[in-house]
Amino acid sequence: MIAAVQALLRGGFDRAERALDRLVGPQANPLAQLGALGYFFFWIVAVSGLYLFVFFDTGVTRAFESVAWMSGPQWWHAGVVRSFHRYASDLMIVTMFLHLMREFSLDRFRGARWFSWFSGIPLIAFLYVSGITGYWLVWDKLAQYVAITSTELLDWMPIFGEPIARNFLDATSLSSRFFTLLVFLHIAAPIALLFAMWVHIQRISRPRVNPPRLLGGVVLFSLLAVSLLMPAHSQEPANLAQVPSPVKLDSLFLALYPLADRAPGAAWAGLAAFGLLMALAPFLPRRRQPAPAKIFLDHCNGCGRCVDDCPYEALRLTRRTDGAVYLQEAIVDPSKCVSCGICVGSCPSSTPFRRSQELVTGIDLPDYPLVRMRQDLIANCAAMTEGPRILAISCPHGAGKHLAPGPHLGVLELPCVAMAPPSLIDFALSRGHADGVAVIGCAESSCYNRLGVDWTEQRFAHERDPYLRARVPRERLATIWASTTQKGAMNRSIEALRARIAGLEAKNPSPEPAAPQEEILS
Amino acid sequence: MKGVRLAGVAVLTGLTLVLFSGVARLATFPEYRQIPADSAVVKLSFSHGSDRSANCRRRTPEELAKLPLSKRVPMDCPRGRLPVYTELYIDEKPVFSESLPPGGLWSDGPSKVYRRFVVPAGRHKLEARLRDTARKTGFDHAIERVVDLAAGQSLSIDFRPEFGGFIMR
């Protein structure tokens with residue numbers, strides 16, 4: 001059931017993402033920048049809120065007038081900023097739920113990645129509290145409705161000494177002091193939200209908290225245009241002697257309010273059920289977690305490349321414990337490790353050329369060690385009988401999952417393509433195991449393991465250690481970043497590589513494969 | 001940004017504008033009517049502490065002797081309060097009749113109520129009564145008034161002993 005929902009969502013997101021990839025490229029794709037956009041909208045709301053606070057009168061009798069003054073005579077600055085403030089808040093809701101659904105569709109919420117999901121739950125609550133308290137401050141008819149319904153909802157729970165809704169019983173009940181408290185809440189809630197956003201990204205390295213300039217520019221331009229064309233306005237002033245009805249609701253922030261004012265118990269039940277479902281989602285059903293990466297100190301010199309490359313902050317360097325001459329050693333936090341293997345690919349000791357009986361590297365995956373990777377490569381390549389022989393190094397999250405080995409195609413599936421050390425490509429080609437190598441990972445803007453595509457590209461381009469050696473013939477290598485729905489594009493890219501190699505083979509044949517035993521003993 | 005086509009950026013900007021316009025529209029949509037157009041609301045709400053559930057009594061010397069030195073207070077005054085029995089009649093029909101328990105962990109806090117009643121706009125007879133003492137029958141406070149409620153009006157019935165009892169606003 002969960003898998004079916006995920007597949008459905010994934011398909012929808014994937015089509016939209018690929019279309020946007022074609023439009024503006026993977027770097028500026030807004031669907032790949034939802035977290036960064038959330039931060040961006042937050043800062044827009046924070047800065048615009050500070051500006052509005054300069055002109056806002058916190059007294060209950062003057063609040064409405066001060067806001068009306070901003071949107072009226074001062075529309076050209078304060079009015080525009082007010083629209084920025086409101087629409088960016090609404091866009092935060094949109095961004096947040098899109099982000100939530102996308103991460104769910106990518107199955108990035110279970111196993112060691114539970115923390116980012118779980119820590120996002122209070123973030124939802126803080127965002128809603130921030131927005132709802134903001135609506136109160138305008139003190140128009142909608143504010144009156146929101147204030148009364150919110151307090152009635154809170155009063156439904158028998159925890160308050162006196163019904164808070166009594167503050168809005170009539171005009172004599174509401175004091176400016178209470179209103180000042182609301183202003184404080186509207187400042188405190190976003191601070192709590194920012195703190196929750198900071199906690200939310202603690203278990204990932206290099207979190208994207210700023211969108212690319214191009215995307216930021218498009219967002220600011222569009223916000224300005226909408227603020228000018230559809231400025232935010234107040235509704236009629238609040239009047240506690242009148243029922244605030246009808247009101248124009250904000251569907252994004254206040255969708256639950258009609259239910260809350262008719263059946264507060266049902267609203268609480270719905271909220272509790274949603275919160276519980278969200279909190280339990282990472283654990284029901286619990287994912288079988290592969291064994292975390294393991295350090296082999298005899299082969300670790302504490303260089304820190306694995307620490308730098310880990311997308312999940314699961315590795316760190318500490319003082320050397322084995323008496324070796326090196327200052328530091330890497331250690332793994334098993335609770336954060338998702339066993340993607342990117343660290344194996346980053347370790348300088350991870351070279352299949354090593355001349356030892358037992359191929360051991362500095363950091364390895366117990367469930368799929370480097371020695372097995374080399375054995376599988378040799379075996380899969382040996383099974384190819386027709387040239388040009390292409391070795392596909394793929395991951396289970398991209399189009400490569402559809403590949404089936406054949407007489408001229410060997411498939412080596414790794415948890416992430418960045419698990420393959422660059423020397424593995426060199427090994428496959430220089431030892432004649434394959435005539436060409438196709439590295440087939442996730443779509444560029446939606447790498448399942450966040451940084452696998454980037455690291456692979458940079459290693460191949462000689463920008464990130466460990467480098468792909470210069471001697472590796474680049475014309476025999478292709479990187480194909482394709483999502484699960486891009487099977488056709490992947491096949492075309494493989495065929496293009498095959499055709500290119502066929503041309504090369506005619507001029508300069510690749511070496512004959514070496515005997516398997518030579519590879520182990522060398 | 002390398003390799004980004006101007007046409008692509010233009011299309012993205014167009015899409016963003018459409019999305020943001022939709023969001024701006026949703027910021028004031030839909031229009032929601034909390035009560036029917038030709039009706040009004042009567043709110044009954046108060047927070048009131050009733051009499052203590054028992055009178056103070058003087059402790060006997062034997063009882064005092066059993067208490068720790070720091071707690072030897074001659075008078076024993078139970079903290080608990082009585083429930084507040086309240087009724088509201090609208091047009092001589094009972095719409096609310098409840099014994100409101102005292103609040104607090106030790107039942108020594110005020111009794112509270114907050115209820116909304118939607119009524120058709122027009123003339124109504126409102127009667128509110130309250131019993132906050134140990135008496136078994138009758139009421140300690142009552143108010144009766146005929147009011148003309150306009151469509152959309154909100155009338156509150158509060159109870160403030162310091163202002164003489166029930167207040168209708």
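Two strands pair if DSSP finds at least two bridges between them. Strands themselves are DSSP runs of E, at least two residues long, and helices are runs of H or I, at least four residues long, both numbered from the N terminus.

With that in hand, look at where the chains meet. β1(A) and β1 of chain B, residues 31-32, pair in the antiparallel sense over 2 bridges. In this pairing, K248(A) stands opposite E31(B).

A word on the source. This is a predicted model, where local features need pLDDT of at least 70 and side-chain atom pairs count only at pLDDT 80 or more, while totals for chains, interfaces and linings use all residues. Residues are numbered from 1 along each chain as its sequence is written, chains are lettered from A in the order in which they are written, and side-chain values use heavy atoms, without hydrogens and water.

Now the whole interface. Contact, meaning heavy atoms within 4.5 Å, takes in 55 residues of chain A and 43 residues of chain B. The two chains bury about 4200 Å² between them, 65% of it on carbon and sulfur atoms. Buried area is the accessible area, with a 1.4 Å probe, that two parts lose on being put together, summed over both. On the chain A side, L23(A), L169(A) and V243(A) lose the most area to chain B, together 15% of what that side buries.

Last, charges. How many salt bridges are there between chain A and chain B? The count is 3, taking a side-chain nitrogen of Lys or Arg within 4 Å of a carboxyl oxygen of Asp or Glu. R116(B) forms one with E152(A), the closest N and O atoms being 2.8 Å apart.
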